[in-house]
Amino acid sequence: MLAEKNTVEITYIEKEIIKLIAKEVSNKDIAKELNYSQRNIEYYISDLLKKFEVQTRVGIVVKSIVLGIITL
């Protein structure tokens with residue numbers, strides 16, 4: 001059995017994206033809110049899925065809470 005990672009390094013913008021995902025904000029609206037293109041937001045989310053080893057946006061939020069990156 002593999003040990004689960006207890007830390008994941010994320011950037012400030014990734015943390016902001018996670019907070020907005022947790023509020024159920026769409027990629028398009030996240031892009032507007034953070035002044036990024038929608039394509040960039042999709043790239044960041046794709047990278048977060050890989051970093052957290054999850055399949056969905058919900059997985060990103062759950063893993064972020066478990067790791068103490070965000071709180072509700």
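This is a predicted model: local features need pLDDT of at least 70, side-chain atom pairs count only at pLDDT 80 or more; totals for chains, interfaces and linings use all residues.
Q: OK, which residues form a nonpolar patch on the surface?
A: The nonpolar patch is formed by Val58, Val62 and Val66, which together have about 280 Å² of accessible area.

Q: Where is Val58 found, and is it buried or exposed?
A: Val58 is found in helix H4, which covers residues 57-66, and with a relative accessible area of 58% Val58 is exposed.

Q: What about Ile60, buried or exposed?
A: Ile60 is also in helix H4, but Ile60 is buried, since its relative accessible area is 0% and the cut-off for buried is under 20%.

Q: Which residues does Ile60 touch?
A: Leaving aside residues up to four places away in sequence, Ile60 touches Ile18, Ile21, Ile45, Leu48, Leu49, Phe52 and Val54. For one of these, Ile45, the C-alpha atom is 8.6 Å from that of Ile60, although the two residues are 15 apart in sequence.

Q: Switching to helix H3, how many residues does it have, and how far does it reach?
A: Helix H3 runs over residues 38-52 and has 15 residues, and from its first C-alpha to its last it reaches 21 Å, which is close to the 21 Å expected at 1.5 Å a residue.

Q: Which residues of H3 are buried?
A: The buried residues of H3 are Ile41, Tyr44, Ile45, Leu48 and Phe52. When you look down the axis of H3, these buried residues fall within an arc of 100°, so they line one face of the helix.

Q: Why do residues three or four places apart point the same way in an α-helix?
A: An α-helix has 3.6 residues a turn, so residues at that spacing point the same way.

Q: And which residues are exposed on the other side of H3?
A: On the other side of H3 you will find Arg39, Tyr43 and Lys50, which are exposed.

Q: What covers the buried residues of H3?
A: The cover includes helix H1 (12-22), helix H2 (27-34) and H4.

Q: Where is Glu42, and how far is its C-alpha from that of Ile30?
A: Glu42 has its place in helix H3, where it is partly exposed with a relative accessible area of 34%. The C-alpha atoms of Glu42 and Ile30 are separated by 9.8 Å, and the two residues are 12 apart along the chain.

Q: New topic: how many salt bridges does the count come to?
A: The count comes to three salt bridges. In one of them, the side chains of Glu14 and Lys51 meet with a distance of 2.9 Å from N to O. Glu14 lies in helix H1 and Lys51 in helix H3, so this pair ties together parts that are 37 residues apart in sequence.

Q: What else does Lys51 form a salt bridge with?
A: Lys51 also forms a salt bridge with Asp47, where the closest N and O atoms are 3.9 Å apart. Asp47 and Lys51 are four residues apart in helix H3, which means that about one helical turn separates them. Taken together, Glu14, Asp47 and Lys51 are linked in a network of salt bridges.

Q: Which residue does Glu16 form a salt bridge with?
A: Glu16 forms a salt bridge with Lys19, and their closest N and O atoms are 3.4 Å apart. Because Glu16 and Lys19 are three residues apart in helix H1, they are separated by about one helical turn. Glu16 counts as buried at 18% relative accessibility, while Lys19 is partly exposed at 36%.

Terms used. Residues are numbered from 1 along each chain as its sequence is written. Side-chain values use heavy atoms; hydrogens and water are left out. Patches are made of residues with over 30% relative accessible area and no salt bridge: like charges are joined within 9 Å, nonpolar side chains (Val, Leu, Ile, Met, Phe, Trp, Tyr) within 5 Å. Accessible areas come from the Shrake-Rupley method with a 1.4 Å probe; for residues, only the protein chains shown count as cover. A salt bridge is a side-chain nitrogen of Lys or Arg within 4 Å of a carboxyl oxygen of Asp or Glu. Helices (H or I, at least four residues) and strands (E, at least two) are DSSP runs, numbered from the N terminus. Buried means under 20% relative accessible area, exposed over 50%, partly exposed in between (1.4 Å probe, protein chains only). The expected span of a helix is 1.5 Å times one less than its number of residues. The arc is that of the directions from the helix axis to the C-beta atoms. Contact means heavy atoms within 4.5 Å.
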